Amino acid sequence: MLSFISHSPEQTRQWGQSLGALLRPGDCICLQGDLGAGKTTLVQGIAAGWGAHDEVSSPTFVLVNVYRGENNQRLFHLDTYRIESPAEAEELDLDSMLTQGPLVVEWPERIQPVLPFEHLWIALTLLDDTRRQIVVEATGRRPQQILAQLPSPHAPGH
Ligand SMILES: Nc1ncnc2c1ncn2[C@@H]1O[C@H](COP(=O)(O)OP(=O)(O)OP(=O)(O)O)[C@@H](O)[C@H]1O
Ligand SMILES: [Mg+2]
């Protein structure tokens with residue numbers, strides 16, 4: 001497990017870049033946290049570090065955003081906030097996305113039954129205006145390898 005406090009959106013993005021640089025097809029990153037916790041901000045960093053050519057946007061009306069990278073690679077960004085039933089979750093076909101690229105999921109708790117066993121679970125907690133607690137847990141061997149390579153920021157005083 002890795003736990004630290006991010007003191008700014010920039011710090012969250014920067015840490016996300018380190019994570020994004022490690023990702024490859026089949027990797028599933030779950031981002032759990034309340035409204036405004038910083039999930040999409042983290043995805044911006046992940047996408048930049050992964051090498052996305054497209055800008056990250058909140059998939060508020062679209063369920064999935066697909067970003068392109070080098071050699072037509074793809075990064076999938078799923079926001080399940082509007083999913084209402086397990087049947088809808090089943091229809092997502094995460095497996096098909098995961099064979100094509102890494103997958104980042106906002107509101108993963110809403111599609112828990114269809115999440116792959118192997119995943120990185122990142123919980124973001126809003127502490128105040130600018131501080132977010134970030135806790136990372138890995139399930140499975142590959143996610144544990146990713147976790148082991150992630151930087152653990154130690155801001156002064158923490
Ligand atoms: N340390 C921090 N890390 C991330 N975001 C921060 C931080 N401090 C302040 N913020 C601000 O908090 C907001 C986070 O919004 P963001 O859209 O990333 O949240 P979200 O978790 O995706 O919300 P939603 O559930 O609505 O999609 C942004 O306005 C961002 O600038
Ligand atoms: Mg969001």
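Q: Which residues in α1 are buried?
A: In α1 the buried residues are Gln11, Thr12, Arg13, Trp15, Gly16, Leu19 and Gly20, where buried means that 20 or more other C-beta atoms lie within 10 Å of the residue's own, exposed means 12 or fewer, partly exposed is in between, and C-beta atoms are placed from the backbone. Helices (H or I, at least four residues) and strands (E, at least two) are DSSP runs numbered from the N terminus.

Q: Before going on, what sort of model is this, and how are residues and chains labelled?
A: This is a predicted model, in which local features need pLDDT of at least 70 and side-chain atom pairs count only at pLDDT 80 or more, while totals for chains, interfaces and linings use all residues. Residues are numbered from 1 along each chain as its sequence is written, and chains are lettered from A and ligands numbered from 1 in the order in which they are written.

Q: OK, back to α1: what covers its buried residues?
A: The cover includes β1 (2–6), α2 and β7, judged by contacts, meaning pairs of residues whose C-beta atoms, placed from the backbone, lie within 7 Å.

Q: And how far does α1 reach?
A: α1 has 14 residues and spans 20 Å from its first C-alpha to its last, close to the 20 Å expected at 1.5 Å a residue; the expected span is 1.5 Å times one less than the number of residues.

Q: What about α2, then: is it enclosed or open?
A: α2 is largely enclosed by the rest of the structure, because nine of its 12 residues are buried. They are Lys39, Thr41, Leu42, Val43, Gln44, Gly45, Ile46, Ala47 and Trp50, and the elements they pack against are α1 (9–22), β2 (28–32), β3 (64–68), β4 (74–79), β5 (103–106) and β6 (119–126). The helix itself covers residues 39–50 and reaches 16 Å, close to the 16 Å expected, and Gly51, with a positive phi near 110°, follows it.

Q: Which residues come nearest to ligand 1?
A: Thr12, Gly38, Lys39, Thr40 and Thr41 come nearest among the 19 residues around ligand 1, a residue being near a molecule if its C-beta atom, placed from the backbone, lies within 6 Å of it. α1 and α2 each supply at least two residues of that shell.

Q: What is the shell made of by class?
A: The shell around ligand 1 has three nonpolar, 12 polar and four charged residues, with Ala, Val, Leu, Ile, Met, Phe, Trp, Tyr, Cys and Pro counted as nonpolar, Asp, Glu, Lys and Arg as charged, and the others, Gly among them, as polar.

Q: Switching topic: how many residues are in the largest nonpolar core, and which have the most contacts inside it?
A: That core has 29 residues, with Ile29 and Ile122 having the most contacts inside it; a nonpolar core is a set of buried Ala, Val, Leu, Ile, Met, Phe, Trp, Tyr and Cys residues joined through C-beta atoms within 7 Å. Two or more residues each come from α1, β2, α2, β4, β5, β6 and β7 (132–139), and α2 gives the most, with five residues.

Q: What does Ile122 touch?
A: Leaving aside residues up to four places away in sequence, Ile122 touches Ile29, Cys30, Leu31, Gln32, Ile134 and Val136.

Q: And Glu106, where does that sit, and is it buried or exposed?
A: Glu106 is in strand β5 and is buried, with 21 other C-beta atoms within 10 Å. Beyond four places in sequence, Glu106 touches Leu31, Lys39, Thr40, Leu78, Asp79, Thr80 and Tyr81, and its C-alpha is separated by 7.5 Å from that of Tyr81, 25 residues apart along the chain.

Q: Which residues other than glycine have a positive phi?
A: Among them are Asn71, with phi near 50°, and Trp107, with phi of about 60°.

Key:
Two residues are in contact if their C-beta atoms, placed from the backbone, lie within 7 Å.
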